[in-house]
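Here is a short briefing to read alongside the structure. Take a moment to look it over, and then let us walk through a few of its features together.

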Amino acid sequence: MLELKKLTKTYRTGDRALHEVDLIVPNGQVMALIGPSGAGKSTLIRCINRLVEPTSGSVILDGTDITALGSTGLRKMRRKMGMIFQEYALVERLTVMENVLSGRLGYVGFWRSFLRKFPQSDVDEAFRLLDRVGLLAMADKRADELSGGQRQRVGIARALIQNPRLLLVDEPTASLDPKTSRQIMRLICELCAERDLAAVINIHDVALAQMFVERIVGLKAGELAFDGKPTEMGEDVLTRIYGEEDWQATIRKVDEEEVEAEVAAQ
Amino acid sequence: MPVSTSPDGAKIWQLRTRNQTLTRWAAYLVAVAIFMWCWQRISEATTWFFVWDAPRIAADIGGRAWPPRWSYMDNLWGPLWDTLNMATLGTLLALVMAVPIAFLAARNTTPSALFIRPVALFIIVATRSINSLIWALLLVAIVGPGVFAGLMAIALRSIGFCAKLLYEAIEEIDEKQVEAITATGASRWQVMAFGIVPQVMPAFAGISVFRWDINIRESTVLGLVGAGGIGLQLQSSLNTLAWPQVTLILIVILAAVLVGEWVSAKVRGAII
Amino acid sequence: MTTATLEARLGNGWKKPPFIPNPALRWSLFIGGLIYLVLAISSIDVNWTRVAEGLSRGWAFVTAFFNPDFVSRGGDIWDGILESIIITITSTVVGIALSVPIGLGAARNIAPLPVYLVCRAIVALSRALNEIIVAILLVAIFGFGPLAGFLTLSFATIGFMSKLLAEDIEEMSKAQAEAIRATGSSWLQWINYGVQPQVMPRLIGLSMYRLDINFRESAVLGLVGAGGIGATLNTAFDRYEFDTAAAILLIIIVTVMALEYLSGIIRAKVQ
């Protein structure tokens, strides 16, 4: 279980990115975080694994207060949190296999990782994950030879090989075309279900979020503005988070889905 | 306003205002004055009789220098080998020292921007501003004449050059890739090895080959101050006014430089 | 991507694919490199007793750096530095003035073929000849003094600037140049309005860089009698006057740093 208590981040420039955010994400829950650019979504995700150092408040994962840890303890906790990035953030000049195995860096010593002598169990797991995301044949290709969707799959495999308790996902589909976006979101949600993983997914595309996740949290100017089921999202909520705009086109898809779900239920 | 109005009320477009124009002319005037003064100083220090005589002297030297003394080539293979070694080993030695300095100097990898970075930057500037020939002069005075002094001179001069280009490459890396590796729980050194090193590898290879090419050129003349290599032969031939030998040595140096350039172009093409 | 390939892969080790895929080539390069290194290192005979003797002198030099002597040869140092600066300024100005037409001529997209070939030949010659060698020849022809140094550096500047200028012109935006040509401009107008604005900022940046290089080079020309601070430095080393040598080197370093700082400001302004 992930718990944020009064999490606050004020940048040195004086920008207040987060203000006393309280949030609980139970085990196995896939949660989407929406909000306008600059609302603090990225900061919130990065405060959880302390890529950005929170100003005050605490982050508690499975009973451990991450904000109180020293550097060794922090590294141990980071292993439990897989992170997936907007522009994939693969190390482009390394091979696909090295990128996946880099997810095990927190578990192996420096020289073993430097000489690329990862334990056999890690290697096997890397192959299994590559097979799962459909990229086994690409294992020895360099990461910059892959397409966007393929790179994001490698990014997912890298996060999962950490054997995490929680996935932190930062705009996974922002640089992908609509079809690939859906495939990637579906893959992430399937994998979370398979492994009983909790996930916090930053996402711009509200319709896409409604399609896949079980809970949506809206962030506005560093504070929680909405917390509920995708079905509870209406025009009023979107107006509250993003401001006045014609929201019909954005949420229509959800209505269709709802109708479909109702039809299926009957 | 670059638009002025003439007495009859018509507007005249000008690129610059009057003050701008005046400042420009003043700047030109000062620049020309400085140049003329410099030229006068050179002129005063020159014996113009020799200069007017130069075409005759050039023709005279040219006549004596041709044809090259090809048989002297037998004496040049050894120095040529030394020259190659000074350039290659000097470059390797420089790289070994330049890599840590570059990491200490780069803003995103330096352990302390306040204390260590300025020191690293000073080493870079100091070794870079001093020509390898001066380093050779100094090292010949310290360790005695020979290939070793030349090798060290090449190495010292190259540290700053390589480290400067390398630390600029390190500062330009994609931070997101580094962030991703950090997020896996990797240690500081692992982040270095997996996140940073792969990104600067191409730059590193390019810089090494580039500097090796330059070092081939520079090591051909280090012998002039006693630091070994083909420059030694050049010096002794010049001292004895053996112009046919000088011609041959110059041809050999030109060939070495061209071969070096060709090799480095090939290697660079293969790496990148 | 069938399970068969996964099964085949599981339990087997994994190795990073080697940089050079062909094993024969990889090993021959590796062994060749090793043999070269052994031969090269063994062919350097270091006279360790001489080095050990020299270490104390080296240390004397290092300490001299913290206690440089600007005074006892102050007159010589001042004259030398001044001459170096004079050579630097004149050769940079003349070199750049000459390298503009040659650079225009060496750009394939604006020069006719015969002009292109001649200009490229000048560039290649200037780049292939080391400054010191040119200086030796020019001293032999024109006699000792700053004139030989000035000519040497002007010649070197031409090779450096023309090549970079030509490359810059070859890479410029065709559309802008074409738009000016389409107005019916003459060749000179075309260069002035279509080409010059595109390459000017970089030309200024490169000029500053070359000024820096010329100053550093002018410090060694004196070793072969072509004027500048090099002669004073050489004398200081010959007499083991390390404190004077350190003073000269410090002046050079500070000047280079100042020039770099200045060129940074100027480059930021013209961008």
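**Two crossing helices in chain B**

In this predicted model, the axes of helix α2 (residues 48–65) of chain B and helix α10 (residues 243–271) of chain B cross at roughly 80 degrees and come within 7 Å. Angles of 65 to 115 degrees count as roughly perpendicular, so α2(B) is roughly perpendicular to α10(B).

- On the α2(B) side, the contact is made by B:Ile61, B:Arg64 and B:Ala65.
- On the α10(B) side, the partners are B:Trp243, B:Pro244, B:Val246 and B:Thr247.
- Sorted by class, the contact of α2(B) with α10(B) has five nonpolar residues, one polar and one charged.

**The nonpolar core**

- The largest nonpolar core has 217 residues.
- A:Ala199, B:Ala136 and B:Leu139 are the residues with the most contacts inside this core.
- Helix α6 (residues 147–171) of chain B gives the most to the core, with 16 residues.
- Leaving aside residues up to four places away in sequence, B:Ala136 touches B:Ala149, B:Gly150, B:Ala153, B:Leu222, B:Val225 and B:Ala227.

**Where chain C meets chain A**

- Ten residues of chain C are in contact with 14 residues of chain A.
- What kinds of residues make up the side of chain C that touches chain A? They divide into five nonpolar, three polar and two charged.

**Confidence**

- Chain C has a mean pLDDT of 83, and 98% of its residues reach 70 or more.
- For the model, ipTM is 0.81 and pTM is 0.81.

Definitions and conventions. Residues numbered from 1 in each chain as written. Chains lettered and ligands numbered in written order. Predicted model: local features only at pLDDT ≥ 70, side-chain atom pairs only at ≥ 80, totals over all residues. Core = buried A, V, L, I, M, F, W, Y, C linked by C-beta atoms within 7 Å. Buried ≥ 20, exposed ≤ 12 C-beta atoms within 10 Å, placed from the backbone. Helix = DSSP H or I, 4+ residues; strand = E, 2+ residues; numbered from the N terminus. Contact = placed C-beta atoms within 7 Å. Axes fitted to C-alpha atoms, helices over the stretch in contact; angles between N-to-C directions. Parallel < 35°, antiparallel > 145°, perpendicular 65-115°, else oblique. Nonpolar A, V, L, I, M, F, W, Y, C, P; charged D, E, K, R; others polar. pLDDT = per-residue confidence, 0-100.
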